[in-house]
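Please consult the sequence and model shown here.

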Amino acid sequence: MTEHLPALQVIIPLLLAPVVFLFNHARLAWILSVLVSWVGLLISLSLLFAVNDGEVIRYEFGGWEAPYGIAYKVDRLNALVLLIVSAMAAVIFPFSWQAIQKEIPPSLHVIFYTALLLCLSGLLGMAITGDAFNLFVFIEISSLSTYTLISLGKDRRALTAAFQYLIMGTIGGTFILIGVGLLYILTGTLNMADLALRIGEYEAQESRTLQAAFAFLVVGIGLKLAMFPLHLWLPGAYANAPSVVSAFLAATATKVAVYALLRFLFTVFGADYTYDGMHIDYLFIPLALISILFASIVAIFQRGLKRMLAYSSVAQIGYMLLGIGLANESGLTAATLHLFNHALMKGALFLVVAMIFFRTGGTSMRYITGLGKEMPWTMAAFVVAGLSLIGVPLTVGFISKWYLILASIERGWWPITIVVLIGSLIAVVYIWRVVEAAYFKPRPENMPPVKEAPAGMLILTWILVAANIYFGVNASFTAGIAGAVAAELLGGGV
Amino acid sequence: MNIDFVGLYNYWVVIFLMMVGFYTVIAYDNLVKKVVGLNIFQTAVFMMYISASKVDGGSVPIYSESIELYSNPLPHVLILTAIVVGVAITALALALIIRIKEAYGTINEDDIIRMDLEEDARRDKL
């Protein structure tokens, strides 16, 4: 049984999705989804502990040997991303039941859980597969279900947001397909480990085909992870999707795309080719700095809480790209750590947004005003997660920024350190706007009275908030894994 | 630079179709036309894969004593998967367009953006 864990991780949600749809019973669908997400969390935890000492699990589908058949591969980086996705699912799926009651019409609840399970299995598949074409297929599984989930939003803008994401996401997916195709033309293989071997042996590293494949893959994955000029789909998608969907996507989807980028840049192409051959740092550092400053400033001026958090996500992705661009071990440690840490804080923040919507029926500033007294626990969760987003010591945000600043000082690029600090200051501004409205202004007369959010939702949100603090105080576990991952990536190990 | 331009004509077709599709997606306001452009764009990639799998003088990849040289069948299989993905995307896009038409009464992107902006302006007055 245990040797099949890598396959079960993906297959259980994939198989349950049609089952849930056929049963056509909303509450049953929810219960099954929650069970699936908890089983998934157990599987990914056991995978992480199995590979934590540097061992690599390989799983060959149908017993076909690796370069010919499709192989799954789990090392520390895979296991960490699997843990992020399944842990977020394990918190957000139970939360979803009450949240969707007010956001999605009851007739669509079954479809919601079907799409959510498909999205989960697509993301897990992306994180675990060791085959380049298989990665494309999983990207499309997760993307298609994401478009559906976004279009379930209450406002009609959810439809146009979903359509816009569909167009941009498909262009991104097709670019990835072109990149994988060019790699196949060049090497005749699709297995990532095999690809790495052959690209390493390949004499003409100046080959145009290899350069073109690299460019298509970076741009294609860049669209998926909302790299700065390609981020246009993200604010609309997060702002108009149902709140739980925003929480799930913000915590997982872009993280898995960053993982795919790391995998291609460092495992398939190799750190030498990425930095010395293609000079990816010349591209990523400017883009990352612009996105940190630009997206943070735009976030200040947003009317809606969800759109503000979405722009903040674009800025946070800038921090991850900056970590990759800095091209040293601390930088990659920061990028990997921030995958995990950002999932924790954005997950918590969007769950707070979902609770505010649940009680007030809206998430723009008008609805938040004066909520500090009416919903103390909800707003307290927002404050703590917001502090983590800013990067205050004793929270996870501090840990990632610490490594990022360390990396920029190691390179001797102190202006980058300053930009990171300015980015944090701007985060203070947009978080403060919400805190000020909630705590220091009275509730408007014309707003109906509200109650504190239901205990179940609060407990789940506070689990994430507590994780924000726990991993901020005791970072040795996450930083240990991230450091080992960074060393592995730079060492070019497969 | 000694490249056989004519012999590589199918790759020129790939590039041409890719640009036509890409241009259509970007330049047209009609959402259905955007989806058509997306389809042309994807078709170009299918052609690229299939072209690459052809072996000069190779036969179809069937197991037989008389066949020694055959084309690579793997890209065909990959593209079959990609075509299925493309069909799913097109179906979902068209379904979304129907819903957009119901909600907005138009499938012109410019009109939709204008209607959203007007709605924002009304909300600000509140």
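In this predicted model, 30 residues of chain A are in contact with 37 residues of chain B, contact meaning heavy atoms within 4.5 Å. Local features need pLDDT of at least 70 and side-chain atom pairs pLDDT 80 or more, whereas totals for chains, interfaces and linings use all residues; side-chain values use heavy atoms, without hydrogens and water. Residues are numbered from 1 along each chain as its sequence is written, and chains are lettered from A and ligands numbered from 1 in the order in which they are written.

**Interface of chains A and B**
- The two chains bury about 3200 Å² between them, with 75% of it on carbon and sulfur atoms (accessible area, 1.4 Å probe, lost on being put together and summed over both parts).
- Of the area that chain A buries against chain B, 23% comes from Arg156(A), Arg157(A) and Phe163(A), more than from any other three residues.

**Helix pair in chain A**
- Helices α6 (residues 157-187) and α8 (residues 208-225) of chain A pack at about 155 degrees, their axes 7 Å apart.
- α6(A) is therefore roughly antiparallel to α8(A) (angles over 145 degrees, between N-to-C directions of lines fitted to C-alpha atoms over the stretch in contact).

**Annotated segments of chain B**
- An unreviewed UniProt entry lists residues 6-28 and 73-98 of chain B as "transmembrane region"; such annotations may be inferred rather than shown by experiment.
- Residues 6-28 of chain B are 83% helix and 0% strand, with end C-alpha atoms 32 Å apart (DSSP runs: helices H or I, at least four residues; strands E, at least two).
- Residues 73-98 of chain B are 96% helix and 0% strand, and their end C-alpha atoms lie 38 Å apart.

How values were computed:
Axes fitted to C-alpha atoms, helices over the stretch in contact; angles between N-to-C directions. Parallel < 35°, antiparallel > 145°, perpendicular 65-115°, else oblique.
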